[in-house]
Amino acid sequence: MSTKQSRYRTGNQTLVREINLSAIMNRLHEHSPISRSALAEMTGLNKTTVSSLVQELIDYQFVREIGFDTAGTGRPARLLQLNPEAGFIISAEIIDVGYISVICANFANKIIWRSEEAFHLNSDHNKIIHRLFTLLHQASDAARNLYGPVLGIAVGVPGLVDQKTDTLLFAPNLNWKNVPIGMLLREKFDCPVFVDNEANLAALGEYYFGAAKDCNYVVYVSSSVGIGGGIIHGGQLLTGAAGFAGELGHMTMNSQGELCSCGNRGCWETLVSQKAIFSRLQQAIDQGQSTILANPGNGSSNQLTISAIADAARSNDTLVLKVLEETACYLGMGIASLVNVLNPELVVLGGIHCLLGEFLLPSVNRELNQRALRWNARANRVVLAQQGSDACVMGGLAKVYQAILAEPSTVTN
Ligand SMILES: [Zn+2]
């Protein structure tokens with residue numbers, strides 16, 4: 001199966017139209033201005049199908065005609081582009097290192113406004129939600145006059161989300177429990193609202209706009225203070241029965257291992273997260289092992305950061321390279337298990353693993369080759385994320401897009 005065909009799979013009946021609309025929208029996003037026949041060629045769909053899908057998008061004012069392509073020899077073809085004034089989308093992330101990030105994009109996917117704001121991790125959650133809402137209002141005020149109506153708001157959160165009520169059930173690193181974010185958003189904003197786990201949205205962000213654009217079966221590993229993940233299955237985010245699928249960080253790797261933020265012992269997170277890397281390094285430094293990261297004189301480390309660790313690795317710091325090698329082994333073991341269970345085409349490493357990718361990938365691939373069933377290992381690739389710290393908010397845009405494409409009539413007048 002060619003890449004083009006696999007990306008634009010036909011799927012089962014209920015998804016075909018949405019997937020085909022999505023294929024058209026994505027090509028319009030990447031290649032505007034573009035003709036109907038070029039869209040047909042790129043998507044592998046026949047011209048009649050493309051014309052009918054494009055007409056649907058024009059009727060909803062999501063796509064517009066903008067002149068003719070006069071380059072060819074035949075009759076000049078009408079060129080199409082996404083209509084930037086069809087509306088705007090706001091996407092936000094509450095990050096568990098104490099940040100709120102908000103972007104606002106027009107319908108042509110151009111980011112027209114963005115803001116970031118720090119908060120104290122032990123602040124009351126009501127105060128942080130209030131700040132989030134203030135930023136969302138600012139985004140809306142900035143876009144409304146130029147880009148038409150707000151089409152949807154997506155918010156990514158670092159925890160488990162009840163998909164039926166859009167309630168954040170538990171965010172371990174923020175220590176939030178049962179926060180009804182969806183309900184609070186709906187009280188303040190008169191548009192479709194989506195709340196999801198940040199790693200799920202980041203997986204969508206990489207699938208729509210980043211490293212996983214050409215794959216329909218993807219495992220995205222999100223790493224920060226903890227480990228999360230998102231699974232794309234047949235072009236859709238795998239939710240599981242209650243919406244909790246993708247909690248990769250809590251696979252048990254060692255029943256006697258370290259205590260995890262979830263209350264269990266020996267989760268994958270305790271072996272490969274930022275916290276695990278810092279703690280391995282700190283332990284070695286406390287035992288007197290030498291590294292350029294340690295303060296000369298008292299043996300203790302400076303404040304450890306991922307960028308300082310990457311710099312030390314680039315300077316061939318023996319201890320740092322050893323700690324990263326150990327981390328990569330555990331990372332590769334977990335990925336091999338995921339590959340055997342899920343049979344993805346691609347594994348994407350996001351977050352801090354992406355920043356340390358050049359040092360982790362060789363050993364991750366070695367472990368994967370040794371431990372995954374050899375047919376799986378051969379078919380699989382591990383790559384680094386492309387959206388960086390924007391993956392989640394870009395995924396929020398994608399989430400709203402998906403909803404629009406599923407039922408365009410519900411978001412237009
Ligand atoms: Zn755990």
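This is a predicted model: local features need pLDDT of at least 70, side-chain atom pairs count only at pLDDT 80 or more; totals for chains, interfaces and linings use all residues.
A residue counts as buried when its relative accessible area is under 20%.

**Zinc site**

By this criterion C267 is buried, because its relative accessibility is 0%. C260 is buried as well, with a relative accessible area of 8%. Both cysteines belong to the zinc site, where the ion is coordinated by H250 through ND1 and by C260, C262 and C267 through SG, at 2.0 to 2.3 Å. The angles subtended by the four donor atoms run from 105 to 122°, so the arrangement is tetrahedral. Along the sequence, the donor residues follow the spacing H-x9-C-x1-C-x4-C.

The largest pocket has a volume of about 940 Å³. Its lining comprises 42 residues, of which I95, D96, E198, S223 and S224 are the closest to the centre. Elements that each supply at least two lining residues include the strands β4 (88–95), β12 (217–223) and β13 (227–233), and the helices α7 (198–209) and α15 (391–406) are also among them. By residue class, this lining divides into 21 nonpolar, 15 polar and six charged residues.

The second largest pocket holds about 430 Å³ of space. It is lined by 22 residues, and those closest to its centre are E258, T270, L271, A276 and S279. At least two lining residues come from each of α8 (269–272), α9 (274–286) and α11 (318–342); the largest share, five residues, is supplied by α9. The lining consists of eight nonpolar, nine polar and five charged residues.

**Salt bridges**

Side chains of opposite charge can pair when their charged atoms come close. In the whole structure, 13 salt bridges are found.

| Salt bridge | Closest N and O atoms |
|---|---|
| R186 and D166 | 2.6 Å |
| E326 and R280 | 3.5 Å |
| R366 and E325 | 3.2 Å |

R186 lies in helix α6 (residues 181–188) and D166 in the loop between β8 (160–162) and β9 (167–171), so this pair ties together parts that are 20 residues apart in sequence. R186 is partly exposed, at 42%, whereas D166 is buried, at 8%.

The pair of E326 and R280 joins helix α11 to helix α9, and therefore ties together parts 46 residues apart in sequence. E326 is partly exposed, with a relative accessible area of 35%, while R280 is buried, at 13%.

R366, in helix α13 (residues 357–371), pairs with E325 of helix α11, so the parts tied together are 41 residues apart in sequence. R366 is partly exposed at 34%, and E325 is partly exposed at 31%. These two residues also belong to a network of salt bridges that links E325, R366, E367 and R371.

Terms used. Residues are numbered from 1 along each chain as its sequence is written. Side-chain values use heavy atoms; hydrogens and water are left out. On a 1 Å grid over the protein atoms alone, a cavity is a set of points where a 1.4 Å probe fits but cannot get out, and a pocket is an open set with protein on both sides within 12 Å along at least five of seven lines; lining residues have an atom within 4 Å of a point. Grid points are joined across faces, edges and corners, and a volume is the space filled by probe spheres set on the points. Helices (H or I, at least four residues) and strands (E, at least two) are DSSP runs, numbered from the N terminus. Ala, Val, Leu, Ile, Met, Phe, Trp, Tyr, Cys and Pro count as nonpolar, Asp, Glu, Lys and Arg as charged, and the others, Gly among them, as polar. Donors are N, O and S atoms within 2.8 Å of the metal (3.2 Å for Na, K and Ca); water is not among the atoms, so sites may look incomplete. Four donors count as tetrahedral if all angles lie between 85 and 135 degrees; four count as square planar and six as octahedral if opposite donors are over 155 degrees apart and all others between 65 and 115; anything else is irregular. Buried means under 20% relative accessible area, exposed over 50%, partly exposed in between (1.4 Å probe, protein chains only). A salt bridge is a side-chain nitrogen of Lys or Arg within 4 Å of a carboxyl oxygen of Asp or Glu.
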